[in-house]
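Please look at the strand pairing towards the end of the chain shown below. The text then turns to a pocket beside it.

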Amino acid sequence: KLSESGYRTDAGRLMDNWSSFPYPSRHHLQALALSKKHIYTVDTRGRAFVAPLAQSKPAIWQRLSGYVKQLSVSPTNNVLMAVTTKNHLYYRVGVSPGCPA
């Protein structure tokens, strides 16, 4: 069983722990991407969602427009790339906490 226990840093954040929150789709998870501030998911119907990684519960998910089969975030955390269900590649430069997608 996964545990949500962990220790707190000086900044009060939990470290070395598992966090959990409800997934916004009743369909299976197909893809997952993570940036410093957001989690991006794709379900088996091609719908993409984004939520902040803040410890707020429940998570506030936002559905992204279009249908994709894969998402990726650049190592610099400011470029989001997506492969659509029609095999087109899209990317967005300038991803930030105020504009996650």
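V83 stands opposite L89 in β8. This is a predicted model, in which local features need pLDDT of at least 70 and side-chain atom pairs count only at pLDDT 80 or more, while totals for chains, interfaces and linings use all residues. Residues are numbered from 1 along each chain as its sequence is written, and side-chain values use heavy atoms, with hydrogens and water left out.

Strand β7 (residues 79-84) pairs with β8 in the antiparallel sense over five bridges. Strands are DSSP runs (E, at least two residues) numbered from the N terminus, and two of them pair if DSSP finds at least two bridges between them. β7 and β8 form a hairpin with four residues between them.

N87 lies in the loop between β7 and β8. N87 has a positive phi of about 65° although it is not a glycine. Most residues other than glycine have a negative phi. N87 is exposed, with a relative accessible area of 54%; buried means under 20%, exposed over 50% and partly exposed in between (1.4 Å probe, protein chains only). Of the five residues of strand β8 (residues 89-93), the number buried is zero, so the strand lies largely in the open.

The second largest pocket has a volume of about 300 Å³, the space filled by probe spheres set on grid points joined across faces, edges and corners. A pocket is an open set of points on a 1 Å grid over the protein atoms alone, where a 1.4 Å probe fits, with protein on both sides within 12 Å along at least five of seven lines; lining residues have an atom within 4 Å of a point. Of its 15 lining residues, the closest to the centre are S65, V68, L80, A82 and Y90. β6 (62-73), β7 and β8 each give two or more residues to this lining.
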